[in-house]
Structures are given as C-alpha cells and as structure tokens.
Amino acid sequence: MPLPLLPGNSFNRNVGKEKFHKSQHWGFCNNVMMLVSEEKPGIGGEPLLGQKIKPKCTIYPQGDGSDVPSWVAFDKQVLSFDAYLEEEVPDKSQTNYRIRYYKIYYYPEDDTIQVNEPEVKNSGLPQGTSIRRHRITLPPPDEDQFYTVYHFNVGTEVVFYGRIFKIYDCDTFTRNFLSKLGVKVNPPVQCPEDPYIKIRREILEHVEPLRPYESFDTRKQFLQYHGKVLRFFCLWDDSVSMLGDRRELILHYYLCDDTIEIKELLPDNSGRDPMKMFLRRSKLPKLGKVDQEFYKDCDLSLGVTINVWGRKVLLYDCDEFTKSYYKSKYGIENFTSVSCKPPSPPPKIERKFPPYNGFGSEEDSLRNCIGLKPTPHRKNFKQFMEKDRYGSESNILRFFAKLDTEKYTDLDRIFVISYYLADDTISVFEPIENNSGVTGGMFLKRSRVKKPGQPVFKSELSEYFKAEEFYVGVTVNVNGYLFRLLNADEYTLKYMEQNVDKYPFSDFERSLQKVKQEESRSRELKQVFRAADCKHTKMVDYNTFRDIVMTFTHGNLSEQEFITIARHYRVPEETCPDGDFLLGLAQEKFKKNFFENFDRIIYACGYEDREKKNVLPTKDIKRLCKSFRLPLTDDLLESLLSRFENSEKQIDYKSFFSTLDWRKNPMPELRAQEYLKERCEDVWLGMPSPIPAKNIDYFTFLKDTVGLEEE
C-alpha cells in the first residue's frame with residue numbers, strides 16, 4: 001500500500017520540480033553557436049553529486065532582514081580603492097619607469113569595475129578614464145570567472161588586462177563595508193613617488209627664466225579672471241550742449257582681457273531709440289597721451305572722470321563684487337558713492353484751462369483743451385469691474401427718503417434713492433400710489449449728481465456726490481430737492497457695517513463708546529429700562545429703546561449710529577417660510593439665469609460619495625453649490641439646505657437637486673408684484689420696514705455699556 005502524499009511521507013525528490021531538461025555545454029551567443037561552459041550540470045540544471053559550480057557574481061552572506069536583490073540593496077554605493085602602477089619607460093636617460101596613480105571604483109550592485117587616473121599637471125600622459133565601467137574577468141587560468149568584492153583588499157595586487165595594479169589604500173566607507181562582510185582590511189601601504197615628477201619639480205625650483213624678448217602671455221590672466229567683471233555706475237552730463245541731457249550708464253570692465261563695454265539705461269518714455277550698447281566691448285585708450293595707453297583697473301575708482309572718446313563720464317558708484325576686488329587687491333576701504341543729483345528744475349508753469357462753456361459735459365470740454373486730437377474721457381474701468389452687479393451682489397445702495405419741505409402736498413411723498421457703486425451714479429424713484437394725486441415713477445434718471453454750491457462756468461471739474469456721503473439721517477441736496485434719508489435696505493446696512501473706514505457712523509464700537517461716555521447716569525438708565533419692561537422680558541420695542549437712548553445721550557448719537565446699535569442688539573424674529581415658496585423662488589432664479597447643470601452636480605456628488613450612501617454632509621453640498629455657481633443668495637441656500645437636512649446633518653443629494661431641477665419638477669410660478677405705470681431696476685421690491693428691528697435686547701445692551709450683572 002503506497003504512502004499518502006503528505007509532508008514527511010513522500011521520498012520522491014521530483015515532487016514540485018518543473019525543469020527536467022538535459023543540460024549541455026553548447027549554447028548561442030549573438031546567434032553564434034559556441035561553448036558556453038565546461039561544467040555540465042545534471043537534469044534540470046541542478047548540480048551533480050559532489051559537483052561545485054563556480055559563482056558568476058559576488059555571493060553576500062545571508063542576513064536577518066528581507067532578501068532583496070543586490071541592485072536594490074547596494075544602489076548608489078561605490079567602493080573606492082587607491083592604487084598605483086609601475087610602467088616601464090624605454091629610451092629615457094633620467095628614469096627607467098614611471099609611477100601612475102589610479103582610482104579603482106567597484107560597484108557592488110552588479111560587480112562592475114571602473115578605473116580612473118587623476119590628472120597630474122604637466123605629466124605629459126593622457127589621463128582620465130583608463131578602463132570604463134564593466135565586469136572584468138580574472139587572469140588565466142580563471143578567465144571564465146569575474147572579479148568579486150572578495151578579490152580586493154589593501155596591500156594586494158589585481159590584474160586588469162595584463163596590467164598589475166597595486167592597492168595601497170581605500171576610503172572609510174570601503175573599509176567599513178569590507179569589515180561588515182568579514183574581510184580583514186590591511187593597514188595603508190606607503191605609495192612610492194613618481195621619479196619624473198620629482199625631477200621636474202627640482203628643475204622648476206632652480207630655474208628662473210630671464211628672457212627680455214619673450215612675448216607677453218595673457219592666458220594666465222584669462223584663466224584666472226574669466227567670468228569676473230567689475231561694474232561701475234556712471235553719468236554722462238551732456239546738458240550743457242543743445243538738446244543734451246543727463247545719461248545714466250553702466251560700465252563693465254572685464255578682468256580677463258582689460259576690455260570695457262558701456263551700456264545705457266534708458267528711462268521709460270525717454271523718446272530715444274533703445275540701443276544695446278553705448279560702447280562696444282574693446283580696450284579704451286587714454287586720449288591725449290603721446291604713447292597710446294589703455295585704461296586699467298587701477299585707473300578706475302569712485303569719483304574719477306574718464307574720457308570715453310571725447311565724452312566725460314563720471315564714475316559715482318559700483319557693485320559689491322567691485323568693492324571686494326579693490327579692497328583685496330589695492331586695500332581701498334572708502335567706497336562712498338558720489339552724489340550726482342541733477343540741478344533743480346525750473347519752476348513749472350501752471351497750466352490753466354478756460355472755463356466750461358456749457359456745451360457737452362465738463363469732461364469732454366476739458367479733453368478738447370488738453371490735446372490737438374481730442375480723445376474721449378477715460379472712465380474708471382477698474383471700479384466698474386469690481387463694483388458691477390455679480391450674482392446676488394447688486395452693489396447698489398438703496399435708501400428710503402422723504403422730501404424736506406414745508407409744502408403740505410409733498411410731506412407724505414416717499415422716494416427710493418439708489419446709489420450705484422459701479423460708476424457713482426444716482427437715481428431717484430417714487431413708488432406709485434393710487435389716488436395720491438401725484439404721478440409716481442422715475443423722479444431722476446440714473447446720472448451723476450453734482451454737489452450744491454458750485455459755479456457752473458469754471459475751469460475745474462465739478463465735485464459729485466460720493467457713496468460715503470449717504471447714510472441714514474443725513475439730508476442731501478439732489479438738484480435743488482432736499483431729501484432726508486430715513487432708512488436703508490438690509491444690503492446697504494450690511495455694506496456700511498463691513499466698510500467702517502468709509503462709513504464711521506456704522507462702526508459699532510465707535511457708536512457704543514458714545515453711550516459709555518454717559519456712564520455717570522448709568523443708574524438712571526437702568527431704572528428707566530426696568531420701568532419700561534413691566535413683564536421682565538429683558539427686551540423692549542424699538543421705539544421705546546430709541547426714546548430712552550436718545551434722551552440718555554442728549555442727541556449725541558446720529559440716526560445711523562443708533563440703527564447700528566439697534567441692529568446689533570435686536571432680537572431675531574422667528575421666520576419660517578413655506579417650503580414650496582422657497583422652491584418656487586429658487587426655480588425662478590434658475591430660470592432667469594438659464595441654469596440647468598443639475599445632472600453634473602449630481603455626478604460630482606456621486607464622485608464625492610465614496611461609500612455610495614447617496615448622502616453627503618451639508619457643508620460638502622454647500623461647497624459644491626458654490627463651486628457650480630448656483631444663482632442663489634446665501635440666506636436662500638441655507639434655508640433650502642436646512643429643509644432637506646436629516647438629524648445627522650446629511651442631505652440626500654439626488655432628492656435635493658432633483659427637486660430643484662425646474663425642467664423635471666417645475667413648481668407653480670410666483671406672482672410678481674404688478675406696477676401701474678412703469679417698472680425698472682430701481683424698483684425696491686417690498687418697501688423697507690419703518691423700523692430696522694421689532695424688539696431690542698436691552699439687558700445685553702446694559703451689560704456692555706454700564707456693566708449690569710444678571711440677577
């Protein structure tokens with residue numbers, strides 16, 4: 001009965017073996033049949049009993065770590081050995097041999113060897129790479145094997161292609177590497193000196209050539225100073241000549257050949273043709289001498305005036321390299337730049353323009369006086385791009401105003417004044433009221449409004465109203481009509497509170513500081529608020545709060561400052577708009593902006609949903625809505641997200657965006673407000689509330705102003 005095929009029960013050595021070919025001595029190398037090995041292994045390439053196959057590469061001892069190939073373990077590691085070679089020199093009377101020094105580099109990653117010979121000055125021998133990197137075979141009779149790391153050691157000899165290299169030293173890394181492999185590294189061996197170099201050095205020490213007619217060799221100067229340039233900042237003052245002026249120049253002195261080049265620095269809009277060179281690179285002669293001499297580095301210094309072909313050029317400054325050069329070579333320490341300020345220009349004649357004649361605009365009339373070819377007035381395009389309408393940002397300040405007049409018929413007329421930040425224009429609109437006896441509509445078309453009290457016919461441009469001059473409580477004169485600003489919409493109030501540098505009356509800290517100045521009457525203020533709050537709700541209505549604060553500050557607070565304080569301490573009103581109304585309002589905005597990218601948003605949400613749960617956090621949905629530029633205001637988007645948010649603050653994005661898709665799930669259209677006569681962009685949809693807040697938290701107000709503690 002055969003034993004089962006289990007570990008420990010089988011004696012068949014062929015179990016798991018895959019190669020059963022018969023080995024041979026012959027093979028192909030470059031498509032040529034040749035003898036590849038004299039050692040013939042057994043079946044499948046396995047060695048026969050008692051047979052030892054010579055290794056083809058270095059075999060490193062096994063370690064405790066992971067088994068990685070040598071080209072990974074020894075990547076970028078090189079063993080460096082210092083060696084020398086004795087070379088016979090026939091037919092030489094001084095020496096019979098030469099000593100040549102080499103660097104042997106051994107690469108343990110692939111057992112390759114490279115031999116380099118360092119360059120020795122005036123050796124007369126071709127030097128550099130002696131043997132390129134490759135695997136080198138051992139000398140006969142072991143030419144079928146290659147050098148490994150175990151063949152190298154200090155004090156030994158290696159034979160490369162018949163040349164005997166004697167290793168006398170190695171670097172620290174190589175010594176540590178061989179020690180880790182278990183190789184005992186011998187101490188360094190003294191290297192003999194090359195007799196030819198020794199004889200040549202002795203000859204050069206005792207020979208002093210004195211040759212009066214020897215040509216001047218400039219190669220040493222070129223090799224020593226190649227790429228080193230002295231730079232001086234110069235000035236050529238040609239203002240004394242007709243149509244001449246001051247010219248800024250840069251002088252470059254090349255130390256390698258004593259040549260000079262000069263470049264000119266042309267300012268912007270100088271009217272001169274841009275020339276690369278004021279003086280091309282060449283030797284600059286000293287004119288006026290009997291013998292022709294050229295300028296040297298010793299002739300150049302700060303404050304010196306040189307002659308550049310008849311032009312007097314002053315050197316007034318230099319760069320840091322030039323300073324260090326003169327300090328090291330000539331010992332100069334003072335490098336104070338020479339002042340070369342131009343003379344004060346003559347007084348500029350003030351240009352006077354004729355007064356405005358009444359034809360066209362003031363800007364167009366002024367352009368006719370500036371040039372022979374009139375050009376249109378250039379508007380502030382940057383302001384227009386920054387403050388133009390973009391998405392939900394209207395950049396329009398709207399104020400609720402009344403006429404400041406004694407006429408009884410005009411006392412109840414209300415107006416909407418719109419200030420456009422894009423071009424500083426103003427429009428006035430009067431809402432239409434039935435049976436009022438007054439024709440409403442556009443009171444003043446959109447245009448810039450001049451400030452009152454300016455003469456019409458004058459040479460200067462008129463001053464126009466700016467955005468900073470409009471705030472609640474101020475009275476403005478618009479073309480002779482006095483408008484008192486009573487209130488502003490929510491966007492305007494927020495804009496002024498965000499730009500307190502332009503609207504100081506909307507600065508909450510500044511306004512609150514005025515109330516804190518009356519701290520001596522704080523006890524009286526507390527009693528008045530407690531008397532007004534009979535039910536102890538810690539809040540009062542807006543009108544009561546206004547009467548108390550205005551009386552307490554004796555009118556020091558302006559209307560804008562008081563509204564800023566009231567908005568800060570207002571009690572938020574609980575508003576919960578209908579869900580269908582919010583969806584209808586959102587789809588209305590999508591229709592106006594032709595927004596239909598809902599499928600792309602759902603695809604993007606699916607990409608973000610790594611777990612494929614069809615839900616995403618609310619903050620991620622909001623971020624995607626912003627990235628796809630949904631034409632919704634922040635308040636409307638927050639309301640819609642809160643409608644679809646679950647208890648874990650996550651939203652089913654497919655349901656959310658499918659509901660907003662006005663093509664697939666349209667909602668009933670919203671009924672827009674109808675106007676009797678005209679409709680324009682100045683119409684303020686929904687008149688502002690006569691009060692900015694319904695109730696005011698006076699308790700928090702008292703704690704911030706007079707330090708009231710909670711009972």
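Mentor: Contact here means heavy atoms within 4.5 Å. This is a predicted model, where local features need pLDDT of at least 70, side-chain atom pairs count only at pLDDT 80 or more, and totals for chains, interfaces and linings use all residues. Residues are numbered from 1 along each chain as its sequence is written, and side-chain values use heavy atoms, leaving out hydrogens and water.

Start with Phe 529. Leaving aside residues up to four places away in sequence, Phe 529 touches Val 540, Phe 545, Ile 548, Val 549, Tyr 698, Phe 701 and Leu 702. Phe 529 also belongs to one aromatic cluster with Phe 508, Tyr 542, Phe 545, Phe 562, Tyr 569, Tyr 698 and Phe 701.

Now the core. A nonpolar core is a set of buried (under 20% relative accessible area, 1.4 Å probe, protein chains only) Ala, Val, Leu, Ile, Met, Phe, Trp, Tyr and Cys residues joined through side-chain atoms within 4.5 Å. The largest one has 50 residues, and Phe 529, Phe 545 and Phe 701 are among those that touch the most other members. H11 gives this core its largest share, 6 residues. Domain 3 (381–502) and domain 4 (508–570 + 695–706) each supply at least three residues; these bounds come from an automatic or database domain assignment.

Thr 544 sits in helix H11, residues 542–552. Helices are DSSP runs (H or I, at least four residues), numbered from the N terminus. The C-alpha atoms of Thr 544 and Ile 696 are separated by 9.2 Å, although 152 residues apart along the chain.

Methods:
Helices (H or I, at least four residues) and strands (E, at least two) are DSSP runs, numbered from the N terminus. Rings of Phe, Tyr and Trp (its six-membered ring) pair if their centres lie within 6.5 Å; planes under 30 degrees apart count as stacked, over 60 as edge-to-face and the rest as tilted.
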